[in-house]
Amino acid sequence: MDGNKLKALRIEKEMSLSKLSERTGISKSYLSLIERNLQTNPSLEILETLAETFGVAVEDLVRKEKEQSPYFCKGILQVKSKLKVEIELTDDQLTTEKINQIKKLIDAINSN
């Protein structure tokens, strides 16, 4: 399992490791090991629990593809030094939903 996928889902759902641990019954330390790719082979039971918690298929958690699922943004998590994001919206496109999406993007970038 790619721990970056788990971390991306957790960030997308605005969930801390502690909160994920509470919801799944999986220890915070074990979840951290998965996210840091130190534990790459969790049991099927753990994979099913995580998939159910995030509302995705187990296959989405373990699939290694060139093309990423829409749930995961590999680029944001791998940026270490410099990131430039440009968003262009007209006045009629700037809705509350768009503003919230932009805030989530900024939060995800800041958390790394």
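A crossing of two helices is called left-handed if the near helix is turned anticlockwise from the far one by less than a right angle, and right-handed if clockwise. Helices here are DSSP runs (H or I, at least four residues), numbered from the N terminus. The model is predicted: local features need pLDDT of at least 70, side-chain atom pairs count only at pLDDT 80 or more, and totals for chains, interfaces and linings use all residues. Residues are numbered from 1 along each chain as its sequence is written, and side-chain values use heavy atoms, with hydrogens and water left out.

Helix 2 (residues 17-24) and helix 3 (residues 28-35) cross in a right-handed manner. Their axes come within 9 Å and cross at roughly 115 degrees. Axes are lines fitted to C-alpha atoms over the stretch in contact, and angles run from 0 to 180 degrees between N-to-C directions. Helix 2 makes the contact (heavy atoms within 4.5 Å) through Leu17, Ser18, Leu20, Ser21 and Thr24, and helix 3 through Lys28, Leu31, Ser32 and Glu35.

Ser21 lies in helix 2. Ser21 is buried (under 20% relative accessible area), with a value of 16%. Beyond neighbours within four places in sequence, Ser21 contacts Ile26, Ser27, Lys28 and Leu31.

The largest nonpolar core has 17 residues. Such a core is a set of buried Ala, Val, Leu, Ile, Met, Phe, Trp, Tyr and Cys residues joined through side-chain atoms within 4.5 Å. Met1, Leu20 and Leu31 are among the residues with the most contacts inside this core. Helix 4 (44-54) gives the most to this core, with five residues. Outside four places in sequence, Met1 touches residues including Leu6, Leu50 and Leu61.

Conventions
Helix = DSSP H or I, 4+ residues; strand = E, 2+ residues; numbered from the N terminus. Buried < 20%, exposed > 50% of the residue type's maximum accessible area, 1.4 Å probe, protein only.
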